[in-house]
2 protein chains.
Amino acid sequence: MQETARARATEVPAQTARNAGRRPEIDREQIIQAALTLVGPNRSVATLSLREVAREAGIAPNSFYRHFRTVDELAVALIECAGRSLRTIIGAARQRVGRGQSVIGSSVEVFLAQLDAEDQFLHILLREGNVGSREFRQAVEHQLCFFEDELKVDLVRLVSLNGGAVHNPDATARAMTRLVFAMGTRALDMTAAERRALAEETVTMLRMIMVGTLAMGS
Amino acid sequence: MQETARARATEVPAQTARNAGRRPEIDREQIIQAALTLVGPNRSVATLSLREVAREAGIAPNSFYRHFRTVDELAVALIECAGRSLRTIIGAARQRVGRGQSVIGSSVEVFLAQLDAEDQFLHILLREGNVGSREFRQAVEHQLCFFEDELKVDLVRLVSLNGGAVHNPDATARAMTRLVFAMGTRALDMTAAERRALAEETVTMLRMIMVGTLAMGS
DNA sequence: TGACTGTATATACGATTGTATAGTAATATA
DNA sequence: TATATTACTATACAATCGTATATACAGTCA
């Protein structure tokens, strides 16, 4: 019976009495919050231990299993939170952009502003994309694909409005997304001044891709 | 006396009798090799424990301190090995490239061929750039800068030979490097067939940057 | 041949980890 | 009200960790 504790967490409540029993005193969100304060701005999620999270959340170690099967599952939940949060922010910023403004410039600006604001979620997406379990990495990859898709739609619409054409929308959006995330990750280790320079350089890079894809599209 | 064991590792041998004492039975290289087999193709260097490495290397845990102050120092050594190895390979490939061939295409090809060959070092550079201690991350960053510099030189020379001009050589080389590493990291989780598709897409991306920087350079 | 010196090992300690086991507190339903 | 069900805690255990301490071994040099 190695799976006892884990199995309990996924048991489907018997339909006959699914409102029975003691009420939860804590929910996933609170555990996620505890995990967030633990990882802080620099620490890796992969270094979180079950006991540590439980301690921070103020529950007994075993109670953790009521809410997550493993620490990995918590990590995936963290990543999903992070992705949702960032997409909301970037999406809102895109809508604010007037027709005359540069989508590229303002998106990068918002991205780095979020960095400066020491967003709880952002660094998780940035740092942890390449390590940890397979599930873990796929969760991050999944979030990045969301960004790519949204950017692609924006890109195609914007360019066709101006009568141009993008060479390979998928590759273009992906290149831009990955580049921004790569640069954003470097920014985590930088001072505010260095970040500004980095932002400028990133915009230059994105412009190269934009000019290139437009030239190749015609 | 918390630093006793660590201090011993850096003691400068007294000049009066520096040939005295028992000869080392193991050297850093062997420990690095042990660490490499432990991390395998997927595991993170950050998860290595001192005891584990010592076990694999066939030495007592404390003997580790004779060669490295901390596991972090071992990790940095691993990264330096990895960078040196990859640069040698890519450099050799570049020299083989005839004047008519595409530097971009063949570089990416070599890069991904190295992936397929399950190179011991490559995945370390790819996966671990964003986690671990500050020292650790800086070591990876340092290696990437080497790549950028070499690429920049190649780029400027190649383009000026054809009478063109690159817009911003630094940004161009950096964008290309970071993009290749980002894509290479994704490739680690892929099958051979998926990797081929990814390689094509990556070449497309790099071409966009190339076309863009050339257009902006004139 | 000692004495000295650097290398490696054996042993041990306290801390922390994940989790198995058993028991208590709280609630809806019969 | 009695019972079933759920949420949670307390305790315990074996494993692993980094490393302090002490000791044995293998060389060089006097």
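**The interface of chains A and B**

Author: In this predicted model, 35 residues of chain B are in contact with 35 residues of chain A, contact meaning heavy atoms within 4.5 Å. Residues are numbered from 1 along each chain as its sequence is written, and chains are lettered from A in the order in which they are written. Local features need pLDDT of at least 70 and side-chain atom pairs count only at pLDDT 80 or more, while totals for chains, interfaces and linings use all residues; side-chain values use heavy atoms, with hydrogens and water left out.

Between them, chain B and chain A bury about 2900 Å², of which 64% is on carbon and sulfur atoms. Buried area is the accessible area (1.4 Å probe) that two parts lose on being put together, summed over both. B:N130, B:R186 and B:M208 supply 22% of the area that chain B buries against chain A, more than any other three residues.

Of these, B:R186 also forms a salt bridge with A:E141, with the closest N and O atoms 3.0 Å apart. A salt bridge is a side-chain nitrogen of Lys or Arg within 4 Å of a carboxyl oxygen of Asp or Glu. Across the interface of chain B and chain A, 8 salt bridges are found. The side of chain B that touches chain A receives two or more residues from each of α6 (122-127), α7 (134-161), α8 (169-187) and α9 of chain B; helices are DSSP runs (H or I, at least four residues) numbered from the N terminus.

B:E201 is found in helix α9 (residues 192-217) of chain B. B:E201 is buried, at a relative accessible area of 16%, where buried means under 20% (1.4 Å probe, protein chains only). Not counting residues up to four places away in sequence, B:E201 touches A:D170, A:A171, A:R174 and B:R186.

A network of salt bridges links B:E201 and B:R186 with A:E141, A:E148, A:R174 and A:R178.

Note on methods. Buried means under 20% relative accessible area, exposed over 50%, partly exposed in between (1.4 Å probe, protein chains only).
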